[in-house]
Amino acid sequence: MSATTLPADDALRIARAFLPEQWYGSRYHYYYTRTKLRTDPLYPGVIEALRGTTQPLLDLGCGIGLLAHALRAGGIALPYRGVDNDAPKIAQARRASERAGLRDVAFEVVDLADGTPSHRGSVAILDVLQFVPPDAQDAILEAAVSMVAPGGALVIRTGLDDGSERARTTRRIDAISRTLGWMNAGPKRYPDAEALRVRFEAAGLRSTFEPLYGNTPFNNWRVVATRD
């Protein structure tokens, strides 16, 4: 991959969209965004996977919408729609995207445990799958696979259940994060790489798996599935 993190100037510009409106407001999302974009290889990995695609993107579990900002910073202008079950995060995503002047971007409150929205094009599922129950995880994957159109891609970042020390570390840290309240759900099931390959192949998708943990201790992988 050509870059491991976003450039510092891009990270700072994006983070400024998350500054509070009043000087005394919380700057949590500002500092979180700056740190996330400068330390996590996630966004350059997704940008690389989507560059050259032609279909609108649905971001399942979008959080505060950082992917939309990163894509625009990377020169990718695909129509973007982000959904998440956390209403305050969606409100923050909307405010920040408006302040940044992002075009062709929308955010909605959707609980994926209750079903996925209709869509045809490309799909992103980033750091979501391991935090939903197995039945819901299977349903999300089935729906996402059916959404992928020719010229689009399904891009997933997830920990994998491969028995490695990184996998054990990932599980421990995810569980601690839930206990400390940093995350609103603990890990339920980490996907198996071979099971994902079989699912994609049965649906007529070609898939690639690449490590995307950078300098972090996590067993994070980028999974990209495309339809010819």
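Predicted model: local features only at pLDDT ≥ 70, side-chain atom pairs only at ≥ 80, totals over all residues.
Residues are numbered from 1 along each chain as its sequence is written, and side-chain values use heavy atoms, with hydrogens and water left out. Local features need pLDDT of at least 70 and side-chain atom pairs count only at pLDDT 80 or more, whereas totals for chains, interfaces and linings use all residues.

A search of the whole structure finds twelve salt bridges, each being a side-chain nitrogen of Lys or Arg within 4 Å of a carboxyl oxygen of Asp or Glu.

| Pair | N to O distance |
|---|---|
| E108 and R81 | 2.8 Å |
| D138 and R189 | 2.8 Å |
| R197 and E194 | 3.7 Å |

Helices (H or I, at least four residues) and strands (E, at least two) are DSSP runs, numbered from the N terminus. R197 and E194 both belong to helix α8, where three residues, about one turn of the helix, separate them. Through shared partners, salt bridges also join K36, D40, D127 and R157 into one network.

D127 lies in the loop between β4 (122-126) and α6 (134-147), and its phi is near 55 degrees, a positive value in a residue other than glycine. Most residues other than glycine have a negative phi. D104, in the loop between α5 and β3 (105-109), likewise has a positive phi, near 55 degrees.

Q92, in helix α5 (residues 87-100), counts as buried because its relative accessibility is 12% (buried means under 20% relative accessible area, exposed over 50%, partly exposed in between, with a 1.4 Å probe and protein chains only). Leaving aside residues up to four places away in sequence, Q92 touches F18, H29 and I64, contact meaning heavy atoms within 4.5 Å.
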